[in-house]
Structure formats: structure tokens, C-alpha cells
Amino acid sequence: MSSPEPTAGTSDLETAVDFPADGNQSEEKRAAMRSPTAEAPMVWMDFMRALACVLVVLGHCTVNTRDLPLKNIDRVSWDASILFTVLARPAVPLFFMMSGYLLLHRASESYAEHYRKRLPRIVIPMIAWSLIYLAIRSYRSAKGWLTFGDWVRILLFEFPAEHLWFLYSMFGYYIALPLFRPMVRLELRLLYGMVLVWLITDPLA
């Protein structure tokens with residue numbers, strides 16, 4: 001049976017999927033196949049990844065200049081570093097949004113499967129690098145080796161190293177992500193309700 005011709009206004013993602021003409025396929029399956037996780041090229045996503053990578057490098061290149069006092073640097077260089085810092089700010093949020101875009105549409109993936117596939121990827125390096133940096137921090141401590149209580153306090157309430165914040169953020173991100181999947185399944189009443197709650201509670205915060 002030949003595939004139906006794509007109609008006007010049909011997206012490339014929809015035309016990349018061969019839907020049967022008998023109409024027996026459920027809307028849920030059609031929605032899943034139209035999701036960003038369907039096998040279809042997404043050149044724009046590769047472009048966004050490349051852009052985010054460039055912005056991350058740009059942001060780190062300006063740190064040393066940005067943090068210098070004005071008496072140690074000319075004003076033009078300092079203003080340029082601030083400008084590049086502002087331009088680089090979307091870098092990490094872009095990575096988070098791209099991950100959300102790809103993962104929130106996995107309607108067929110159970111909670112258990114989501115956590116089983118992704119948490120080990122972030123938990124293992126997070127624990128390993130945290131312990132490594134805690135050991136280094138303890139070795140360099142002016143008061144000698146840190147106690148076990150110090151290690152627990154740092155792990156629970158601080159970052160063993162400043163740049164490890166990303167791993168801890170990703171851990172919480174992967175934990176919470178499946179809970180937001182109903183929002184992308186066209187459950188508009190839920191979305192409208194959340195917006196209403198936000199409008200009511202935000203002025204009170």
C-alpha cells in the first residue's frame with residue numbers, strides 16, 4: 001500500500017514517518033511517532049548544540065578579564081568581557097532545553113526505564129569526582145585532613161568544587177524531568193492551571 005501524499009502545511013517530521021492509510025493507528029501512536037525522538041534528521045538541533053558549545057567556551061574565556069578590578073585593565077577590554085559574558089549566558093540553558101525537548105516527548109518510556117537509563121550516567125561521575133575533589137580539598141586544608149563530618153556536610157550543603165555544580169544540577173534535572181511529561185501531551189487544562197497558580201503565587205513570593 002502506497003503512503004499518502006503529504007498535505008500542505010505538514011511538517012518535515014510528520015512526512016518523514018509513514019502513516020498507514022487505513023486510519024486504524026491510534027492518535028497516541030501517531031503523536032509518539034511525530035515526537036522529536038522519531039527517526040528524522042534535526043539539523044537545527046545540531047546547530048544549537050554547536051552554538052551552545054561555542055558560547056560555553058566564550059563564557060569561560062572572559063572570566064579572568066571580567067573579574068579583574070578596573071584599575072588593572074583598560075575600560076574597553078573590561079566592557080568587551082562583560083558584553084561577551086552576557087552573550088554567553090544562554091549556553092547552559094540551551095543544553096538543558098535541548099535535553100528537555102528530546103526527553104519530554106518519550107511518552108512510551110516508563111519512569112523506571114528513564115531513571116535506569118540516565119541516573120547511572122550522572123550519579124557515578126558525580127560521586128567519583130566529588131570524592132576526588134574532597135580528597136584534594138582535605139589534603140590542602142589548613143587545619144589538616146577534613147573529618148568525616150566535614151565530608152558529609154560539604155557533600156550535602158556545598159559543592160566539593162565550584163565547577164561540579166553542573167553534575168548536581170543534572171541529577172535534579174533527570175529526577176524531575178518525567179514529572180513534566182503531561183505538560184507536553186496537549187493537556188491544556190493542566191498547563192492553564194499551572195499558569196494560573198503561577199500568576200496568583202508569583203506576586204506573593
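1. The largest pocket holds about 570 Å³ of space. A pocket here is an open set of points on a 1 Å grid over the protein atoms alone, where a 1.4 Å probe fits, with protein on both sides within 12 Å along at least five of seven lines. The volume is the space filled by probe spheres set on the points.

2. This is a predicted model, in which local features need pLDDT of at least 70 and side-chain atom pairs count only at pLDDT 80 or more, while totals for chains, interfaces and linings use all residues. Residues are numbered from 1 along each chain, and side-chain values use heavy atoms, without hydrogens and water.

3. Helices are DSSP runs (H or I, at least four residues) numbered from the N terminus.

4. The axes of α3 and α5, lines fitted to C-alpha atoms over the stretch in contact, come within 8 Å and cross at roughly 150°. Leu55, Leu58 and Gly59 of α3 make the contact with Phe84, Leu87 and Ala88 of α5 (heavy atoms within 4.5 Å).

5. A friendly word on confidence: pLDDT, the predictor's confidence in each residue from 0 to 100, averages 75 over the chain. Confidence is highest in α3, at 91, and lowest in α1 (residues 12–15), at a mean of 38.

Note on methods:
1 Å grid on protein atoms, 1.4 Å probe; cavity = no way out; pocket = protein on both sides within 12 Å on 5 of 7 lines; lining within 4 Å. Axes fitted to C-alpha atoms, helices over the stretch in contact; angles between N-to-C directions. Helix = DSSP H or I, 4+ residues; strand = E, 2+ residues; numbered from the N terminus.
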